[in-house]
Amino acid sequence: MLLDVVLTTSALTSQAISGKTLVAIDILRASSTIVTALANGCRAVIPVLTPEEAFELKKRDPDVILGGERKGLRIPGFDKGNSPLEYMSSDIVGRRLVLTTTNGTRLIRKGQEADTLLVGSLLNAQAVAREVLKLKRDTLLACAGTLDRFSLDDFVGAGSIVREIVRFSPDVSLSDIALAAMKVSASGDPVLSLKESFHVRKLMELGFAQDLDYCSRLNLYGVVPRLTEKGIECLEKV
Ligand SMILES: O=C(O)[C@H](CS(=O)(=O)O)OP(=O)(O)O
Ligand SMILES: [Mg+2]
C-alpha cells in the first residue's frame with residue numbers, strides 16, 4: 001500500500017484519484033467542523049459549492065441546517081458558520097447539515113470520484129488511519145490548501161494521519177511528500193507548528209483563537225466520515 005499527499009485542491013487530478021482511498025483534509029476548519037458535527041449526532045453533511053445551492057436545498061427541506069463561511073465569516077442567512085465549536089449543540093442531532101466553505105467543501109466535491117472518500121482531521125487521525133488500513137488500497141491524503149495555496153495546517157494534519165498509519169503498519173510505502181509531512185508533524189506540538197502560519201494568523205485576527213486550539217487536538221473522536229450518495233455520513237465509530 002502506497003501513501004501519497006497532494007498539497008492543494010487544484011493539484012488533485014482524476015487520474016490521481018482513480019482506484020484509491022482519498023482522505024480529504026482541511027484542518028482549519030472544514031474537516032474539523034465535519035468531524036465535530038458527525039461526532040455530536042448530525043445525521044449527514046452535504047457539501048455544496050455555493051450559498052445559492054445551499055439555499056435551494058433548504059427550500060426543498062426546511063429542516064436542514066445551513067452552515068459555512070466566506071472570508072472566514074458566517075454567510076448572511078445561514079444558521080451557522082464554519083467554527084467547529086458551533087457544532088456541539090443539541091440542535092444538530094439527527095439533522096442534515098448543508099455546508100459550503102472556501103476550501104474544504106470544494107476539495108470534497110473535487111474528490112468525489114475516489115473509490116472511497118474519507119474526511120480526516122487531527123481530531124480523528126487515528127480512527128481514519130485504522131480505516132485506511134482496513135480498506136487496503138493506495139491512499140491519497142488530499143490537503144485542501146488555502147485559496148489554492150499550500151497551507152501548513154493541512155500538511156501537519158496529513159502528516160499526523162500518516163504517522164498513525166505507520167504506527168499500526170510500519171511496512172507501508174510512503175512517497176517523499178508523505179514522508180516529509182510525517183516528519184514535520186512529528187517535529188513538535190501541532191499547535192506550535194501551526195502558530196506562525198498564514199491561516200492561523202488570519203483566524204486569530206477574526207477572533208477564532210479557540211478554534212485553533214480545538215482543531216489541534218489529536219484523536220478526540222473515533223468517527224470516520226465517509227462520502228455516500230446521502231452525503232458525508234459517519235459509518236464507523238472506532
Ligand atoms: O473558515 C475557514 O477556516 C476557511 C476560510 S478562509 O480560507 O480562511 O477564507 O475555510 P476552509 O474551507 O475551512 O478552509
Ligand atoms: Mg482550510
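At what angle do helix H5 and helix H6 pack? The views below come from a predicted model, in which local features need pLDDT of at least 70, side-chain atom pairs count only at pLDDT 80 or more, and totals for chains, interfaces and linings use all residues. Residues are numbered from 1 along each chain as its sequence is written, while chains are lettered from A and ligands numbered from 1 in the order in which they are written.

**View 1. Helix H5 (residues 125–135) packs with helix H6 (residues 152–168).**
The angle is about 55°, and the axes lie 8 Å apart. The crossing of H5 past H6 is right-handed (the near helix is turned clockwise from the far one by less than a right angle). Helices are DSSP runs of H or I, at least four residues, and strands are runs of E, at least two.

**View 2. Helix H7 spans residues 176–186.**
Its buried residues are Ala178, Ala181, Met182 and Ser185. They share one side of H7 because they cover an arc of only 100° around the axis. Asp176 and Lys183 are exposed, on the face turned away from the buried side. Buried means 20 or more other C-beta atoms within 10 Å of a residue's own, exposed 12 or fewer, and partly exposed in between.

**View 3. Asp91 sits in the loop between strand S5 (73–74) and strand S6 (96–100).**
Asp91 is partly exposed because 13 other C-beta atoms lie within 10 Å. From Asp91 to Glu56 is 35 residues in sequence and 21 Å in space, C-alpha to C-alpha.

Conventions. Arc of directions from axis to C-beta. Axes fitted to C-alpha atoms, helices over the stretch in contact; angles between N-to-C directions.
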